[in-house]
Amino acid sequence: MNATVIDSPVANTANIARALRASGAELQITRDADEIARAPKLVLPGVGSFVAAMQWLRDTRIDDAIREAVARGAFLLGICVGHQLLFDTSDEMEATCGLGLLRGAVRRFEGALPVPQIGWNRVSARAPLFDGIFDGIAPETPFYFVNSYAARGAGDEIASADYNGPFTAAVQRERVFGVQFHPEKSSKAGLRVLRNFIACK
Amino acid sequence: MQVIPSLDLLGGRVVRLTHGDFATARTYGEPEAVLDALDVPRGARLHVVDLEASRSGRPIETDLVRRLALRDLVVQVGGGIRSVDDARRWIDCGAERIVVGTVASESPRLLSTLVETFGAKRIVPAVDVRDGVIRTNGWEHESAATIANVFAHIESLGIAEALVTDIARDGALRGPSFALYRQLRSMTRVKLIASGGVSTISDVVSLARLGNVSGCVIGKALLERRLDLRETIARLATPNAIPERVIPCLDVRDGRVVKGVSFTNIRDAGDPVECAMRYEEEGADELVMLDISATDRAQATTLETVRSVAESIFIPLTVGGGVRTVEDFRGLLRAGADRVAVNTAALRNPELIATCAREFGVQAVVLSCDAKRDGDHWLATVRGGKELTAVDAATWCQRAETLGAGEILLTSVDRDGTNQGFDLELLRAVTGILKIGVIASGGAGRVEDFRDAIESGGARAVLAASLFHDRVLSVADVKHYLMAEGIPVRS
């Protein structure tokens, strides 16, 4: 039941750590690239700017460490901007490259509803993959979102939500997971998602 | 639900009357020019009233209606239709549907004949109501027929849709009569076209949520550009299931929860951490913590309280009270707040909003506005409602949105602690001109108040303090009620 939280300065690491502990995890919180490269289970939090978050990963070589861990078969959960970083690119400031672990682009919301999205929104998980991190979560359960950008119809999408049109709320490709919402702010449903991730073997 | 622009015609031009009074007529120009200006999409339904005909009892603007029907619009025409011949005149002009008012309630036999002649789909009965009584003949006469009887007849004829206007609301921009449409929901299966008072996008969304409203006629609000037709249609097309939020508020002083009436007569009410945990358990979507000691005291206690509350819950936490500088803002975020509400300091230095939005993101910035009624508008107040400013509250909220506030926490100083209900007029004045969300605060006393703040006030979240703290109502009570009323909430 161990997990390693990547201690990004562009993240709300303390909140994520508290929620993970409440979900039964024993945590290492680190900025050490070697430690990250060897970790069996990683959590990549992130809030605010995709560009700043990616810049930090590059500067610290933690981007390579994450790729190495995933190549070795580690589990990885990206949260909010951490989820966005899994993709190829974001158009937050022109096109910025992400970790490229998942195919797809992150784009800004446009439409009648105000941007950023701030609040609860219903998440529809795809039925066949229901047993993963959404195990025990009822269809259309609301989770808490704060985002101006999102992936749309990503190839690895396992859950979607609708805000100015459908967007990708969660992804999974083998052992790499991402959630656009904030599980640490989504009360019981959020803690359940974290517990499911912690329980992944 | 269909949005139906409405044009009232008089002397070949588009006009608007207030409360049906011809003396108040205001002219907006030729119908074609108005349609172009409103950007009415092709194939849209258009509601046209021949005002002179409604007075004189014979079709007048037939040429105009013929021109409009040629513009790829589904035109429904009303005004003084009293016979099969009148109806045929309009249908020959290209009208798709005939709206009959006086006939619908005064001449049940003629209504039957019209349905037999033209088919139930082409007849739209119009029922105009004031204070629960049907009015006819250009609203000048009280009808002897009851609403229940009229709708029973309409339903028996197989008519699917009826236009219902609350006369007191028409042209007054005070919001539609949700109570009337809700009352009709339990009375008839006939779907309603709501008319009168629709003036915000939120009005349209709330009407759609009622379930028995299939269309809404909008006149004045479109003509006066309070509402953009395309934007309204786009908003209706977005999902209507995004949960509205119920937010308990902890007013904290020196590390204890307190509650005052109109910001005075403060009494002790408990431990913030215990309260916060209970509220999350009850289903609170978010917590607001307002530090009412921060204005005069040291910040250390406050930060400690924020830290311990933030550590005890897994829902978003907004903290406000005494935030003066960017550093105060940062300190509260570091202590575990997700969002910070600014009030007095932002009024004195509006740039604080822009700076914090740049530094911490729009989502972190909440403008707290304590508004006090002053005649027909509201003024922003500072120092917890104790000191009036010269700043118009609605204008100030709009400016805060431009500067980068992510949401507005709007408190009615007049209603706070009174349990008399939220100030719906204040809410409408602010939500009607903003795109960002408004949290309604001040005055909650009954479950219906929360519904009204969202439905009629246009709030995206509802907040209460003492009501929840004193266990008059639980968060769960409010959410169950809202859900039963068709307002989406997180269960």
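Helices (H or I, at least four residues) and strands (E, at least two) are DSSP runs, numbered from the N terminus, and this naming is used throughout the briefing. The structure is a predicted model, in which local features need pLDDT of at least 70 and side-chain atom pairs count only at pLDDT 80 or more, while totals for chains, interfaces and linings use all residues. Residues are numbered from 1 along each chain as its sequence is written, and chains are lettered from A and ligands numbered from 1 in the order in which they are written.

**Helix H14 of chain B**

- Just after H14(B), Gly336(B) takes a positive phi of about 125°.
- Within H14(B), which spans residues 326-334, the residues Asp328(B), Phe329(B), Leu332(B) and Leu333(B) are buried; a residue is buried if 20 or more other C-beta atoms lie within 10 Å of its own, exposed if 12 or fewer, and partly exposed in between, with C-beta atoms placed from the backbone.
- Seen down the axis of H14(B), these buried residues fall within an arc of 135°, so they line one face of the helix; the arc is that of the directions from the helix axis to the C-beta atoms.
- On the face of H14(B) turned away from the buried side are the exposed residues Glu327(B) and Arg334(B).
- The cover over the buried residues of H14(B) includes helix H13 (300-312), strand S17 (317-320), strand S18 (339-342) and helix H16 (351-360) of chain B, where two residues are in contact if their C-beta atoms, placed from the backbone, lie within 7 Å.

**Strand S1 of chain B and its partners**

- Strand S1(B), residues 2-10, is mostly covered, since eight of its nine residues are buried.
- S1(B) runs parallel to strand S12 (residues 213-218) of chain B, to which four bridges join it, and Gln2(B) stands opposite Gly215(B) in S12(B); two strands pair if DSSP finds at least two bridges between them.
- S1(B) also pairs in the parallel sense with strand S4 (residues 45-50) of chain B, over four bridges, with Leu7(B) opposite Val48(B).
- With strand S2 (residues 13-18) of chain B, S1(B) pairs in the antiparallel sense over three bridges, and Leu9(B) has Val14(B) as its bridge partner.
- The hairpin of S1(B) and S2(B) has two residues between the strands, and Gly11(B) takes a positive phi near 60° there.

**The nine-stranded sheet of chain A**

- Nine strands of chain A form an open sheet of mixed pairing, in the order S2-S1-S3-S4-S13-S12-S11-S8-S9.
- Its edge strands are S2 (26-30) and S9 (141-147) of chain A, each of which pairs on one side only.
- Neighbouring strands of this sheet are turned by 25° against each other on average, direction ignored; axes are lines fitted to C-alpha atoms, for helices over the stretch in contact, and angles run from 0 to 180 degrees between N-to-C directions.
- Strands S12 (residues 166-173) and S13 (residues 176-179) of chain A run antiparallel and are joined by four bridges, with Arg173(A) opposite Val176(A).
- Helix H4 (residues 62-71) of chain A packs on the sheet, where H4 touches S1 (2-6), S3 (41-44), S4 (75-79) and S13 of chain A, and its direction makes about 140° with that of S3(A).
- Helix H6 (residues 187-199) of chain A lies across S1, S4, S9 and S13 of chain A and runs at about 90° to S9(A).

**The four-stranded sheet of chain A**

- Four strands of chain A form an open sheet in the order S6-S5-S7-S10, again with mixed pairing.
- S6 (96-97) and S10 (149-151) of chain A stand at the edges with a single partner strand each, so one side of each is left without a neighbour in the sheet.
- S7 (residues 105-108) of chain A pairs with S10(A) in the antiparallel sense over three bridges, and the bridge partner of Arg107(A) is Ala150(A).

**Contacts between chains and domains**

- Between the chains, 23 residues of chain A are in contact with 25 residues of chain B.
- On the side of chain A that touches chain B, S8(A) gives the most, with five residues.
- The domain assignment of chain B gives domain 1 (2-237) and domain 2 (245-484); such bounds come from an automatic or database domain assignment.
- The centres of domain 1 and domain 2 of chain B, taken over C-alpha atoms, are separated by 40 Å, and the contact takes seven residues from domain 1 and six residues from domain 2 of chain B.
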